[in-house]
Amino acid sequence: MEALKKEIPDHQIMTGIADRYSYSFDASFGEHLPDAAIQAKSKQEVVHIVKVANQFNIPIYPRGQGTCLSGGPLPVCGGIVLDLSQWPEQIDMNADDLTVQVSPSVLTARINEEAEKHGLMYAPDPSSAHVATIGGNLAENSGGPRGLKYGVTKDFVLGLELVTPEGEVIRTGGQTIKNVTGFDLTKLIVGSEGTLGVITEATLKLVPKPPAVQTIMVEFNDVRTAGKAISRTLTSGILPSKMEFMDQACIQAVENFKPSGLPVDAEAIVIIELDGHLETLNVETILVENIMLEIGAANVSIPATSEDAARIWHARKQVSPAIAKIKPTKVSEDATVPRSKIPDMMDRLHIIKEKYQVEVVVFGHAGDGNLHPNILCDKRDQEEMARVEQAVEEIFQAAIDLGGTLSGEHGIGTMKAPFMEQELGTVGLEMMKRIKDSWDPKGIMNPGKIFPEKGQKLVLRNG
């Protein structure tokens, strides 16, 4: 503490019990009490904190706004939570180069707001963009609905400034679109969940904002047909910017929560957004409508006004709060499968739901195979949570069996660490561990994440 206080103001170092509890959880499961929480507001402060932590072998946990769904910032070994959310906002736009430099504390939606003033767009759009920091998005390699056409966070990162676990400052990548100088450290750091260092600045790529968008809502009487319609659309030469899926349980939950005019009798709906020039959209809209009707859609709705379209997208964004009203606890997953396997994954989810007698609702970014099976439960019911744990394990296994992955955009953290070897194999996981050990020889950066302890299991129950 004496070493820390040499360069960090007292009011930024919090050791009171209430403060520590405030940093003991995120949006996932588990509660771990840090020994201290420290707010860093500049690169120099981060360097000092990391050097002290390295000197005294203290675990350090970078944290943004704590919206992580996989346990990324949880201080599982005590130590220091490094809060970067209070860092002054920096958004330096370079419209001519289609780039922007940002501090880690900037809310992701703010980047797009500033870009739009120049006719540009920051494409990654996680649902938490209005509350999550770009630093957290970089750490978790966040996605979002627009990932289908534009890609995820890593596809928009040109360069980073990083404080290493020993307190050195390095810069990776640069300002250019093309850069093949040596190993791609930028891509390595994005998605490393704070295990390799602390990101203090990012240079991001922007794209021109499309001049027009068109929304289409399609109703289906069975889920398998909806899955086929998604694949047929994407192999037709049309690439929507968004292609979202909601099952009947989601639709009904939203309508009960905040009526939006969604078709409650439909087994599933697919909401599509096309973007581009108006003339192109007119042609593509007709093509999509024809594809959907040919494959057996029950109904195709094309909103007449932008307000009508906004209502549909608002309804999609209401899914999470709506299903949270059904039961007090929501286990959000994001198992991702090849697009052609969506119908098979839906079948597997139905079997799991029946086997463990748990309530499962499914929505997500179906265009890129990224489904969000959500299990609704009550964490006070220990017996129910035991069944939920088994159900989650089988959901992950189903995704891997179908050629998919544990995580499309939520990260690994503590929640999915026990399943890493199932996807990567023993050697694959060991190669990742070697990288971690070489970057962070003392193991102080976000320990307990990504790499499972021997025999580690998924635990959603308290005590």
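Modeller: A search of the whole structure finds zero disulfides, a disulfide being a pair of cysteine sulfur atoms within 2.5 Å. This is a predicted model, in which local features need pLDDT of at least 70 and side-chain atom pairs count only at pLDDT 80 or more, while totals for chains, interfaces and linings use all residues. Residues are numbered from 1 along each chain as its sequence is written, and side-chain values use heavy atoms, with hydrogens and water left out.

Two cysteines illustrate the result. The sulfur of C77 has its closest cysteine sulfur in C68, 16 Å away, which is too far for a bond. For C250 the closest cysteine sulfur is in C377, and the 15 Å between them is again too far for a bond. C250 is buried, at 0% relative accessible area, whereas C77 is partly exposed at 46%. Here buried means under 20% relative accessible area, exposed over 50%, and partly exposed in between (1.4 Å probe, protein chains only).

Helices (H or I, at least four residues) and strands (E, at least two) are DSSP runs, numbered from the N terminus.

With strand 14 (residues 268-276) the pairing is antiparallel over six bridges, two strands being paired if DSSP finds at least two bridges between them. Within it, K242 stands opposite E273, and M246 has I269 as its bridge partner. With strand 17 (residues 359-365) the pairing is also antiparallel, over two bridges, and F245 stands opposite G364.

These strands belong to an open, antiparallel sheet of seven strands in the order 15-12-14-13-17-18-16. Its edge strands, strand 15 (299-301) and strand 16 (329-332), each pair on one side only. On average, neighbouring strands are turned by 20° against each other, direction ignored. Such angles use axes fitted as lines to C-alpha atoms, for helices over the stretch in contact, and run from 0 to 180 degrees between N-to-C directions.

Two helices meet this sheet. Helix 11 (residues 306-317) lies across strand 12 (212-220), strand 13, strand 14 and strand 17, running at about 125° to strand 14. Helix 14 packs on the sheet by touching strand 16 and strand 18 (370-377), and its direction makes about 170° with that of strand 18.

Finally, the nonpolar cores, each a set of buried Ala, Val, Leu, Ile, Met, Phe, Trp, Tyr and Cys residues joined through side-chain atoms within 4.5 Å. The largest has 60 residues, of which F220, I272, M292, M345, I375 and V388 touch the most other members. Helix 14 (residues 382-401) gives the most to this core, with nine residues. Contact means heavy atoms within 4.5 Å; on that basis, and not counting residues up to four places away in sequence, M345 touches A335, V337, L371, I395, A398, A399 and L402.
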